[in-house]
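Okay, thanks for making the time, everyone. I'll walk you through one protein model this morning, so let me put it up on the screen.

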Amino acid sequence: MRRLQIPVVAALMSVVAAVAAAQDAGPTLSLDDAVRMALQRNKNLKVVSYYRGISRASLLVARGRFDPAFVLNRSAMDSPEQLNPGVAQVYTFREDTYSAGLGGQTPLGTTYSINAQILNQRYSIYGYGNNYMTYAGFSVTQPLLKGFGFAANLQNVRIAKANRGISDLQYRQSAIDTVTNVVIAYSNLQLAHDVLAAARRSRDAASSLLEANEKQYKVGSISQSDVTTARFNVASQEESILIAERSVRDRQNQLRELIGDDVFLEDEPLFTLVPVQVPEVTVDLRADLTRALALRPDYQQARLGIAKNRAVEAAARNGILPQVDFVGGYGYNGLGSTLSASRQQVEQKDNPSYSAGLQVTIPLTFAVGRGNLRAARLTREQSEEDMKRLEADIAVSVANAAGQIETTRKRVVAD
């Protein structure tokens, strides 16, 4: 009869513990809900998301270098001037300048300006009579060697484009890390709950044994040492429960932080977790490696890093060339005592003018250009070697993951 009392008491205590746990149970949380909340509210993910906007703003700046600009100018000058060097008399010279133009630079390196200008020069010796000079035309400066071409002028745009792609990949990597951490934290919390439940069952069993030993000791069936041992086991199980309860609370706080909570109180209700169904994974080592190289954000970031280094190297290669620029312009001039008369000459194209020439600058040593090119080439080669290292690391990671899946399946069967 006493042997039957032990399992009956243990079963009753388990029922009581289950009812108490049900009363203290908090909101139900599934793994899918936790992942969704983390992607919406995770603080680290929100911080990383700003890099995407920053990189796009930087790309806008790089492209804005080639936007034309409208320039207006109004200036006045009043200064003494000696018209005849042999005469000591000094006269006053006044000049008013008005100009408007549109200028900018093209991706080929061409610098252009389309402008119109009005000058009114007056001398005190002539009673400050008006003397209008007008001009309308354009001017260009075209690099022929150094500074010519897309490689030299689109370096910042290409780097900004690569940085935009890198920022998107960084956000994707952060999202992957967040989801992975949520899965791990959810599993750890479930394990902590299981350990707590096992500790409570062990405590209940130890309590039942203690009660049975005390009854047997009263009738003289066992010794005092057996009762003392049973009491020690109950105390040990109580300690295990305290440790397990602390672990549950700590694991839940870790999960709550990942899903965006920022207040962690001891009286917060514990989540009621939904059991996770383990997905069936098909292992194909070659296909998985190809997919990893195509989808892993860190590998794609390395590729974009090489693209940035190649853009820098191309610009550096252009930088070792001599500076040879074509400078030219064409326009029409007008001169008259009135603005309308001077402007009419421009409109009628009475006085055309043009200019053309070359500006050549040749460094004596090219040390700066050669140094920049050498550094850019070595940086690009280093990034390419680093990507090969990363490919090997990814191959090892995929192989290890495949092996762990197979080993885990065998362990489950063996257990």
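Before anything else, one term: when I say contact, I mean heavy atoms within 4.5 Å. And helices (H or I, at least four residues) and strands (E, at least two) are DSSP runs, numbered from the N terminus. This is a predicted model, where local features need pLDDT of at least 70, side-chain atom pairs count only at pLDDT 80 or more, and totals for chains, interfaces and linings use all residues. Residues are numbered from 1 along each chain as its sequence is written, and side-chain values use heavy atoms, with hydrogens and water left out.

Let's start with helix H10, residues 367-414. H10 has 48 residues and reaches 70 Å from its first C-alpha to its last, close to the 70 Å expected at 1.5 Å a residue. That expected span is 1.5 Å times one less than the number of residues. Which residues of H10 are buried? Buried here is under 20% relative accessible area, exposed is over 50%, and partly exposed is in between, with a 1.4 Å probe and protein chains only. The list for H10 includes Gly369, Leu373, Arg380, Met387 and Val398. What covers the buried residues of H10 includes helix H7 (285-295) and helix H8 (297-319).

On to the core. A nonpolar core is a set of buried Ala, Val, Leu, Ile, Met, Phe, Trp, Tyr and Cys residues joined through side-chain atoms within 4.5 Å. The largest one has 20 residues, and Val182, Tyr186, Leu255 and Phe271 touch the most other members. Two or more residues each come from helix H2 (31-41), helix H5 (155-218), helix H6 (224-258) and strand S6 (270-273). H5 gives the most, with 7 residues. Another core, of 8 residues, lies apart from that one, and Tyr299, Ile306, Met387 and Val398 are among its members.

Buried residues of H6 include Val227, Ile241, Arg249 and Leu255. Just after H6, Gly260 takes a positive phi of about 105 degrees.

Now the strands. S3 (residues 91-105) holds Gln105, whose side chain makes a polar contact of 3.2 Å with that of Asn153. By polar contact I mean a pair of N or O atoms within 3.5 Å; within protein, one must be able to donate a hydrogen and the other to accept it, and residues adjacent in sequence count only if both atoms are side-chain atoms. S3 and strand S4 (residues 111-123) run antiparallel, joined by 13 bridges; strands pair if DSSP finds at least two bridges between them. Asp96 has Asn120 in S4 as its bridge partner. In that hairpin, with 5 residues between the strands, Gly109 takes a positive phi near 100 degrees. S4 is also joined to strand S5 (residues 132-143), antiparallel, by 10 bridges, and Gln117 stands opposite Tyr135 in S5.

Last stop, two residues with positive phi. Lys349 sits at about 55 degrees although it is not a glycine, in the loop between helix H9 (339-347) and strand S8 (351-361). Is Lys349 buried or exposed? Its relative accessibility is 51%, so Lys349 counts as exposed. Phe366, in the loop between S8 and H10, has a phi near 60 degrees and is partly exposed, at 22%.
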